[in-house]
Protein chains: 2
Amino acid sequence: MKKTEDSLSTEGSSALMADVARLAGVATSTVSRALANPGRVNEKTRARIAAAAEQLGYTPNAAARSLRVGRSNVIMIILPGSPHYGASQIIPQVLEAVNRTVIRNGYNLMIANLDRDESSERHILDLAFGGTVRGALILSSQLPVVDNRSLAEAGLPIVSLLLDVSGTSVPSIITNDRLAVKEAAMELLALGHRRFFYIAGPTGNYHEVERYAGLVEALNGAGLSADYITRSGGNLTFQFGFETGLQAAEDFARLDEKPTAVVAASDDMAISFMSKIQKMGWRVPEDLSVVSFDGSPVCEYCSPSLSTIEQPMEALGETATEFLIARMEKSDEKRELRVVIPSRFIRRDSIAVNSKLTT
Amino acid sequence: MKKTEDSLSTEGSSALMADVARLAGVATSTVSRALANPGRVNEKTRARIAAAAEQLGYTPNAAARSLRVGRSNVIMIILPGSPHYGASQIIPQVLEAVNRTVIRNGYNLMIANLDRDESSERHILDLAFGGTVRGALILSSQLPVVDNRSLAEAGLPIVSLLLDVSGTSVPSIITNDRLAVKEAAMELLALGHRRFFYIAGPTGNYHEVERYAGLVEALNGAGLSADYITRSGGNLTFQFGFETGLQAAEDFARLDEKPTAVVAASDDMAISFMSKIQKMGWRVPEDLSVVSFDGSPVCEYCSPSLSTIEQPMEALGETATEFLIARMEKSDEKRELRVVIPSRFIRRDSIAVNSKLTT
DNA sequence: TTGTACGCGTTATCAA
DNA sequence: TTGATAACGCGTACAA
């Protein structure tokens, strides 16, 4: 068998299915079949076609295929406005897990950013209604709506992460912020702490509300009212956790009656708070126990090592993606609308018994 | 003007250009023109078409457009195998800047992961040769090659970030790891330090090699040979920076002659090293000055605050993306093949004069 | 300024 | 098992 001299093996972006068909001496429809349903074609022909495709470095044109079959193989992940780059790497961790799962299932991942402006919402809706994407994951945000288009009505499967919107029939994969904080606070209560200092995330934020509620529930469970909690922060987004922590330290220093336990809504806040409060002369955990939220790896290497609530971001991303793909592929799939993946409290050196217990 | 009762305003994914044309009473080609070149159509017609499109919630089908015009509007970013989630958030920061710039220019961003296995390389090549993407950014990695296909020959513009491959005609947007470390080391030398302890990244890694070279250059400049450097680490990837730092602390403790200055190839290493070495009884910076690389925000809140070299990730991502888009849109654009964006040394409390100077 | 007609590359239907 | 053919939705010559 002679090889044609004009081998296109390393040519730019050409090599169409027609080229493969010609080289293999078959019709394009046969090539298409050989590549998609290898079983429904004569083995010998299949091999010849495969060889031809290989030789030409043939790669199917994705746009043509999408147009023909009426759906893309792209999944979109909608990320909240300002990802924050403190110690807590929620977004990158989720993204990594999502991407891995998406690829493993033969899809591609596209990123969309949901800022608060209309143009970004419009962009997301274009992606959905224009058929660019076949499914969407949305992280800790409400579904965008602009003009007379709403993502919910785009006719594609959607799965929410971290934010519970199962009430609007959108499957939600979430963690139990509230319960996790409650359990951590109960440990502090068991260590004899009564007065708490709470460093808040942005007021009204879903996670902020839940975490604070967990603290209140724990106190209530111990017969204490929310009056035992002194709040700080709340005026800055999670993005500025470090700043919030610094301000909180100053707030703390001004208090007449000092709490003995601190619960922070994010690791960033706790890290900068702890750093500053120690410079101001307080000792952790002797004077003050500190607990925070996120489970950043760096917490283990703080001084003292910081107790935190680890969020199962990998499991969350993977579960949500598999959930979405299941919905995309068999929409009749009956699956629950709400999956809770538990967070885990990691106890480290930043907490100890309340030394002022007898005061 | 009457509205048709059968308004499709909130229908799933339908609403074709033909629908808009019908509603506006024009041909599809006119609709196409009105949407793309609003100038080349009668204003009155344009308004009627716009209204019709609005009413129907029309969104152009991306696959059809891509197929027709022969190119997509998707840019791919190829990320290195195992992103590491320590304190140094190189990848998410670059990603954020890239995504912002991509969207601002009317493109979409797709994520590709370059693990070391063949399947992920094949996947990337499919994206390129299948016309799914129109340009590629590649982060700190070599261009993938599988079978008789190479990304370099896919016929699409490519820009490399962090890794200098300008030698193979791929435009590279990089930082000056070597110079930055050299300058930091020169500060340490000026403070009287002579013996250095270097905590290495993965042996052979581009950044590792460059950073170490910077240290050596600084010493040479001061008339000292590399013998003044004791190396540790090198056996783990950057991903395991925290572990590397812990091991380094143990290595340090075993040394007969203690260096007075530590240079770490990443913040993670320095953070865990500093944490451990202090627990072992050494004081920073009184006994030991520490400097590291990456510029993680958390460094400011370490005890003591950690001197580090801040990498201009936002500028890097933005520059690279703009560079790529310029190449995509006007391939004749003459631009340099190599852009260096300087890193910045941030001096904090972790360094001080060498107290053993007279020893 | 607007309409007609064709083709982008693939897959699916149908007939051979 | 294979081949001819149509169609996916859009953009763009070209003609009107």
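Strands pair here if DSSP finds at least two bridges between them. Strands are DSSP runs of E, at least two residues, and helices are runs of H or I, at least four, numbered from the N terminus. In that pairing, A:M110 has B:M110 as its bridge partner.

Quick housekeeping: this is a predicted model, where local features need pLDDT of at least 70 and side-chain atom pairs count only at pLDDT 80 or more, while totals for chains, interfaces and linings use all residues. Residues are numbered from 1 along each chain as its sequence is written, and chains are lettered from A, ligands numbered from 1, in the order in which they are written.

Now, the contact between the chains. It takes 52 residues from chain B and 52 residues from chain A, with contact meaning C-beta atoms, placed from the backbone, within 7 Å. On chain B's side, α5(B) gives the most, with six residues.

Next, the DNA. How many residues surround DNA strand C? There are 23, and the closest are A:M17, A:S29, A:A64, B:S29 and B:N42. Near means a C-beta atom, placed from the backbone, within 6 Å. α2 (28-36) and α4 (62-69) of both chain A and chain B each give two or more residues to that surface, and α4(A) gives the most, with five residues.

Last, chain A divides into domain 1 (5-55), domain 2 (74-175 + 314-340) and domain 3 (177-311), with bounds from an automatic or database domain assignment. The C-alpha centres of domains 2 and 3 of chain A lie 30 Å apart.

Definitions and conventions: Two residues are in contact if their C-beta atoms, placed from the backbone, lie within 7 Å.
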